[in-house]
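User: Please take a close look at one part of this model, starting from the end of the chain and working back. Which local details deserve attention there?

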Amino acid sequence: MLSRAVLLSAAKKPAALVLARGAASQPERPKRPEHGGKVRLGFLPEEWFTFFYNKTGVTGPYVFGAGLLTYMCSKEIYIMEHEYYNGLSLAIMVVYAVKKFGPSLAGYLDKEVDKIEDEWKESRENNIQQLTQAIEDEKKEQWRAEGQTMLMQAKKENVALQLEAAYRERAMNAYQEVKKRLDYQVERQNVDRRISQKHMVDWIVNNVVKSITPDQEKENLNKCIADLGALAARSK
């Protein structure tokens, strides 16, 4: 069980790291400006006019533009042929289209851009939530792995206690069996000694009795009676 939890945590860890690195490596999308720069005459930037103010004043840009156009036309650098009028007509149509349909088209495109940004933001938030959930799952797996380690240690201690109890039980059984055998040997020696003593006493008594003659027995009996009479006399 412990090895399975460790393998699962090890398999999930690289995936979470890869997802986290992928999310971190994604570049921040630059924010589009809400409004464009200021222009004049519909297409000329404001900076082109302010560039001449310090040198020529307010009318300088217009004089420069008119003089440049006059110079190009007089030197036939820019030739006004039929394509010029076609271009002029096309420019008028473009300006009209921009003025007429530009705001609505810009609003539509802004909505599409906002929609794309919202989808990207939603995807990014979902990715962050998935990574956060993966981190939480990884922490849970690590906590479970630590719990499995503690459980395994407890099981090892339990097995060690069981082995110790079995060892002590067997040691007590061996002690009791050895004690029984020693007690048996001691009791046997005691019985042998008692039998030997009884046999020796009986043998001595029998030999003593056999060695006493009737005259000695009569003499001893008379002596005993005389001793008893002497004792009786002393007691009076």
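Analyst: Helices and their surroundings

Helix H5 covers residues 214-235, 22 residues in total. From its first C-alpha to its last it reaches 32 Å, close to the 32 Å expected at 1.5 Å a residue. The expected span of a helix is 1.5 Å times one less than its number of residues. Helices here are DSSP runs of H or I with at least four residues, strands are runs of E with at least two, and both are numbered from the N terminus.

The model is predicted: local features need pLDDT of at least 70, side-chain atom pairs count only at pLDDT 80 or more, and totals for chains, interfaces and linings use all residues. Residues are numbered from 1 along each chain as its sequence is written, and side-chain values use heavy atoms, with hydrogens and water left out.

H5 is hardly covered: 0 of its 22 residues count as buried. Buried means under 20% relative accessible area, exposed means over 50%, and partly exposed lies in between (1.4 Å probe, protein chains only).

Now step back to H4, residues 82-211. At 1.5 Å a residue, its 130 residues should span 194 Å. The end C-alpha atoms are 181 Å apart, which agrees. H4 is bent, though: the angle is about 55 degrees at Phe101. Pro103, a proline, follows within four residues. The bend at a residue is the angle between axes fitted to the seven residues ending there and the seven starting there.

Some residues of H4 are buried: Leu131, Glu138, Glu141, Ala145, Gln148 and Asn190. Over the whole chain of 236 residues, 6% count as buried.

A salt bridge is a side-chain nitrogen of Lys or Arg within 4 Å of a carboxyl oxygen of Asp or Glu. The structure holds 5 of them. Arg168 pairs with Glu164, the closest N and O atoms being 3.1 Å apart. The two sit 4 residues apart in H4, so about one helical turn separates them. Arg168 is exposed at 56% relative accessible area, whereas Glu164 is partly exposed at 35%.

Asp183 and Lys179 form another salt bridge, with their closest N and O atoms 3.0 Å apart. Both residues lie in H4, 4 residues apart, about one turn of the helix. Asp183 is partly exposed, at 41%. Lys179 is also partly exposed, at 39%.

Glu187 and Arg194 make a further salt bridge, with closest N and O atoms 3.8 Å apart. Relative accessibility is 43% for Glu187, so Glu187 counts as partly exposed. Arg194 is partly exposed too, at 48%.

Next comes the loop between H3 and H4, where Glu76 lies. Its phi is positive, about 55 degrees, although Glu76 is not a glycine. Most residues other than glycine have a negative phi. Glu76 is exposed, at 59% relative accessibility.

Met80 lies in the loop between H3 (60-74) and H4 (82-211). Met80 is partly exposed, with a relative accessible area of 42%.

Finally, the setting. The chain has 5 helices and 2 strands, in the order α-β-β-α-α-α-α from the N terminus. Among contacts with a separation of 6 or more, 56% join residues 24 or more positions apart. Contact means heavy atoms within 4.5 Å. The accessible surface of the chain is about 21,200 Å², and 62% of it belongs to carbon and sulfur atoms. Accessible areas come from the Shrake-Rupley method with a 1.4 Å probe; for residues, only the protein chains shown count as cover.
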